[in-house]
Amino acid sequence: MTSQKNYTKYIKQGAIWGFILVELIFFSVAGHFLSLSDTAFMDFDNMLLLLKQSAPIGIIAIGMTVIMINGNIDLSVGATFALAGIVMLDSMTWPIFAGLGNWVIPVSWLLALLTGAILGGLNGLIVWKTGVDAFIVTLGAMLGYRGLVFMYNGENPTSHLNWTLVDFAEAQFLGIHTASWFFLAVTAIIWLVMTRTVHGRNAYAIGDNREAAINAGIRVGPHFLRNFILIGFLAALSAVVFYSESGSVNPNDGELYELWAITAVVLGGTKLAGGSGSILSTFGGVIAIQLLRKGLGYIGADTETVNLVIGLILIAVLFLDRQLNRKGRGELRI
Amino acid sequence: MANFTRKDIGVLLARQGILIAFVVFMIGFALVNQRFVAPDNILGVIRSSAILGVIALGVTFVVIGGNLDLSVGSMMSFSTIVVLDLHDKIGPVLGIPAMYAMTLALGAFNGLLIGYLRLNSLIVTLGMLSAIYGLTLTYSGGKNMDIADKEHTWFSVFGQGHILGVPSPIVIFAGLAIALAVLLAKTPFGRKVYAVGGNGVAATFSGIPRARIVFLTYLISSFCVATAGLIQASRSLGSQNTVGQGMELEVLAAVILGGASLLGGSGTVFKTVIGVLILGFIQNGLLLAGLQFYVQYVVTWIIIILAVWLDIAAKRGRLWSPIA
């Protein structure tokens, strides 16, 4: 019985990697017949580019995993992303920093990250102090923070190109792009936090059974606050990495990012109810989505089909998960 | 009135707080700007809230049944695009029922997955948000959809017409609101929706077919979405593929503002209408006060959190959360 349990668990944890493998094989084979381009799908440079393109959503999705393991959700990350981007680009032009030269870059990064942490922290504080569900708090914040984005610069884009920064963002160290390094580093650090520290253990415990966690002496409120600060910080980090290269923020940027991030997290097997989930699987989920995007484009499918396919896969994953998790045939269907 | 204690006031505020806040808000804005309470302004606000409102009516059923529907925004884009396309291809007489059938099929798919297969509604409808958007783009080829002859079509009657001097979107919104209010409050079906959302296990043990009830709430939701799509298409006679984008969360904000609990089992059609009108009048009031449209986002944020906070604070009898 135990071995069978381990077996199922093993399948479930490996599922996302198996899915990625299937995608790779499918697109390589299908691409051989359908693609107009000469290069192979599994071209090394192509894969490196894929990693880079998945970084903005990926960094947010890692934070979202922590939030969802807690049993919470954050719908405001897209707006936080845009606001942090604006703060970074705009602060580089502030007169008080005029004398700093290129030292303005770390300062503006710091300001952007601080913005993200404060916005996240505000959500966390409201969740902690008022007891209103995180879904509602962050739903409100999604509107509110977007309002702040618009208030900053109206409906105009905020643009500032700093070539030193663009060079840094486009640089490749050991062949891997800057954005990818950030994504990999964030994944590694948060993975360590969630698997090797007390904070990580508490996150699972709270998500699994909040009452029990409170009775065990875990201070749930401050714990939530820390995680919301973390996801705000990561949303800002994602913005900082992305806008360093592009140099221009539209006030609508980041819309629907929360939904993409949640999709990646759920594909990776994390439950909405909390208490389970893995950072590495979320990493897999992010890669799987980006692979699907690129792959469908590669075999010549319309970009429109991507949304359709991803939506249906998300539902299929949920369905399969339900089938695998059903405790027994005789279970009461309520 | 002698026994009217502080506690009674608290209970009254908790029960009708949103209505009282609405009245206070209206009076406040009316004092600042006379134009705010002019009849044509009020009609204008209700008219522009009608599309959001019609969708919110359906989502109210879903939320009371204990589920969520995040797919309504892209579903409305779908309905709008489809009905505009069919208008020129097979004419509005056949096109409108065909659009309703297609939209109801999407709602039925939601209901099947969530009601009968008991999958998590948040994720299913999130997936459907993406899938239906893809479907719409595939249908339209990514292009905007326009009616060829905009001058000579009676199709504009749903969005631009008047019935007894009242703009038709308002008539549709009001008619649907009354019908659904009766359905929810006065019929056995309505009671079952509350029962399923309030305590699904107890409802099942009482012999209520939970799966079928949830299925029907999604069908109602998609019917309302189709109606909203019809109004939208008829009003503009042309549309982008993204016309309903972001609508799902705005609708949810209106439903929550009306006092429905996301846990299910509470809320009414009347309260949702109030929630929709509050959002509409806030937007209008701020615009009349000379503020940009995006200021309403921030105001809505504060109002939603305050409304929900005060609601649950009244229920638990203390302001601050018991979270350790």
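Predicted model: local features only at pLDDT ≥ 70, side-chain atom pairs only at ≥ 80, totals over all residues.
The interface comes first. On one side sit 44 residues of chain B, in contact with 46 residues of chain A. On the chain B side, helix 5 (121-140), helix 9 (200-205), helix 11 (247-257) and helix 13 (295-316) each put in at least two residues. Helix 5 of chain B has the largest share of that side, with 14 residues. Sorted by class, the side of chain B that touches chain A comes out at 33 nonpolar and 11 polar residues, with no charged ones.

Within chain A, helix 2 (residues 44-69) and helix 7 (residues 178-196) make a pair whose axes come within 8 Å and cross at roughly 20 degrees. That angle is under 35 degrees, so helix 2 of chain A counts as roughly parallel to helix 7 of chain A. The crossing of these two chain A helices is left-handed. Helix 2 of chain A brings A:Leu51, A:Lys52, A:Ala55, A:Gly58, A:Ile59, A:Ile62 and A:Val66 to the contact, while helix 7 of chain A answers with A:Ala179, A:Ser180, A:Phe182, A:Phe183, A:Val186, A:Thr187, A:Ile190 and A:Met194. The tally for this contact is 11 nonpolar, 3 polar and 1 charged residues.

In helix 8 of chain A, A:Ala203, A:Ile206 and A:Gly207 are buried. These residues span an arc of only 95 degrees around the axis, which means they lie on the same side of helix 8 of chain A. As for partners, the buried residues of helix 8 of chain A pack against helix 2, helix 7, helix 9 (210-215) and helix 10 (220-246) of chain A.

Over in chain B, helix 7 (residues 168-186) and helix 10 (residues 210-236) pack at about 170 degrees, with their axes 11 Å apart. By class, that gives 5 nonpolar residues, 1 polar and no charged.

The last pair, also in chain B, is helix 12 and helix 13. Their axes are 9 Å apart and the packing angle is about 140 degrees. Antiparallel would take an angle over 145 degrees, so helix 12 and helix 13 of chain B are classed as oblique. Helix 12 of chain B passes helix 13 of chain B in a right-handed crossing. From helix 12 of chain B, B:Leu279, B:Ile282, B:Gln283 and B:Leu286 meet B:Val295, B:Gln296, B:Val299 and B:Thr300 in helix 13 of chain B. Here the residues split into 5 nonpolar and 3 polar, again with no charged ones.

Helix 12 (residues 269-288) of chain B also holds B:Phe281. B:Phe281 counts as buried because it has 20 C-beta neighbours inside 10 Å. Leaving aside residues up to four places away in sequence, B:Phe281 touches B:Met26 and B:Val45. B:Ala253, 28 residues away along the chain, has its C-alpha atom 14 Å from that of B:Phe281.

Definitions and conventions. Residues numbered from 1 in each chain as written. Chains lettered and ligands numbered in written order. Contact = placed C-beta atoms within 7 Å. Helix = DSSP H or I, 4+ residues; strand = E, 2+ residues; numbered from the N terminus. Nonpolar A, V, L, I, M, F, W, Y, C, P; charged D, E, K, R; others polar. Axes fitted to C-alpha atoms, helices over the stretch in contact; angles between N-to-C directions. Parallel < 35°, antiparallel > 145°, perpendicular 65-115°, else oblique. Left-handed = near helix turned anticlockwise from the far one by under 90°. Buried ≥ 20, exposed ≤ 12 C-beta atoms within 10 Å, placed from the backbone. Arc of directions from axis to C-beta.
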